[in-house]
Structure formats: structure tokens, C-alpha cells
Amino acid sequence: MPTIFLDLAGTLVDLTSFEPDSECITCFLTAETAVALKPYPLVLVTGSPRAQVEKILLSPDMPQYLHFQTIVAAEDGGNQKSSGAPFLNLIKEYEGPFIHVGDSDMDEQGARVANISFVRVSQKGTREEQRQELTRAISETIKILSLSE
């Protein structure tokens with residue numbers, strides 16, 4: 001089964017609006033898009049600290065059925081994405097093909113080093129435009145994976 005790696009900050013959520021004492025976040029992932037991801041193993045690879053990641057994933061704004069098989073946070077080497085190290089370690093544990101969905105040059109560089117496909121999510125526009133952009137990127141990801149099976 002193909003595996004999808006996802007970035008957190010800037011891809012799934014807007015951390016510029018994140019308040020540590022608040023339960024609310026701006027999540028770009030719609031419920032419908034989360035359902036489309038259900039058949040795939042999902043791995044979160046993020047440079048954010050684990051405590052912050054756990055709080056974000058428990059937010060009522062996150063789709064409830066979004067389930068990550070593995071979370072690689074900053075403390076686990078997620079902040080070294082551009083080196084490719086987290087991806088190279090993960091591809092030993094999961095079945096390919098692999099694809100990473102992210103928003104930064106670091107995300108893209110790490111995917112290239114690990115020789116996995118990359119789909120970029122633009123951070124530009126309104127929050128609704130960013131939701132639409134993530135939906136487009138996930139649709140593209142699923143299409144790429146279906147062609148490789």
C-alpha cells in the first residue's frame with residue numbers, strides 16, 4: 001500500500017494563528033479530503049515540537065478520523081527534513097511508493113534526497129484558498145499513487 005507523508009505547519013494547519021492556550025486552530029484539511037486519505041497509511045513529518053503536535057491533533061478543528069500511523073516531530077528528527085533523514089528512515093518501515101505533501105523548500109529538498117515524489121502546497125491566499133489548495137494537492141497525490149499501483 002502506498003504511503004503518504006504529510007507536513008503539519010503550513011500544509012495541514014496554519015500555525016501563525018495557533019495559541020498554545022487555545023483549542024482552536026485553522027485547519028486546511030476538510031472532512032471530505034480526510035476521508036479520501038483514509039485508505040492510505042499516513043505519516044506526519046514535522047519540525048514542530050511533539051507537545052505542540054499532540055495539542056493540534058486533538059483540536060476539535062482537526063478531522064476526527066485523521067489517523068497517523070507514525071508521527072515524526074522535531075525531537076525525532078522532523079526538523080531535519082531537508083537532509084532527507086526522516087524520510088530515509090521511514091521508507092524502511094513502510095511500503096512504497098511514497099509521496100510527501102508539504103509547503104516548503106525544506107520539504108521538497110528532503111523528498112528529493114530520499115528519492116520520493118513531492119507535491120507542493122502553496123501557502124498563498126486566503127484561508128479558504130489554502131483549503132482548496134490542500135484539497136488539490138491531496139487529489140493530485142492520490143492520482144499519482146493510483147497511477148503507480
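Trainee: Which residues does Ile4 touch, not counting residues up to four places away in sequence?

Mentor: In this predicted model, Ile4 touches Leu37, Tyr40, Pro41, Leu42, Val43, Ile99, Val101, Thr141 and Leu145. Each has heavy atoms within 4.5 Å of Ile4, so each counts as a contact.

Trainee: What makes the set around Ile4 a nonpolar core?

Mentor: A nonpolar core takes buried residues, under 20% relative accessible area, of nonpolar kinds such as Ile, Leu and Val, joined through side-chain atoms within 4.5 Å. The largest such set has 28 residues, and Ile4, Leu6, Leu12 and Val101 have the most contacts inside it.

Trainee: Which elements supply at least two residues of this core?

Mentor: Strands S1 (3–6), S4 (42–45) and S6 (98–102) do, along with helices H1 (31–37), H2 (50–57) and H5 (127–148). H5 gives the largest share, five residues.

Trainee: What lies apart from this core?

Mentor: Another core of twelve residues, including Phe5, Val72, Ala114 and Ile116.

Trainee: How much of the chain is buried?

Mentor: Buried residues make up 48% of the 149. Among contacts between residues at least 6 apart in sequence, 70% join residues at least 24 apart.

Key. Residues are numbered from 1 along each chain as its sequence is written. This is a predicted model: local features need pLDDT of at least 70, side-chain atom pairs count only at pLDDT 80 or more; totals for chains, interfaces and linings use all residues. Side-chain values use heavy atoms; hydrogens and water are left out. Buried means under 20% relative accessible area, exposed over 50%, partly exposed in between (1.4 Å probe, protein chains only). Helices (H or I, at least four residues) and strands (E, at least two) are DSSP runs, numbered from the N terminus.
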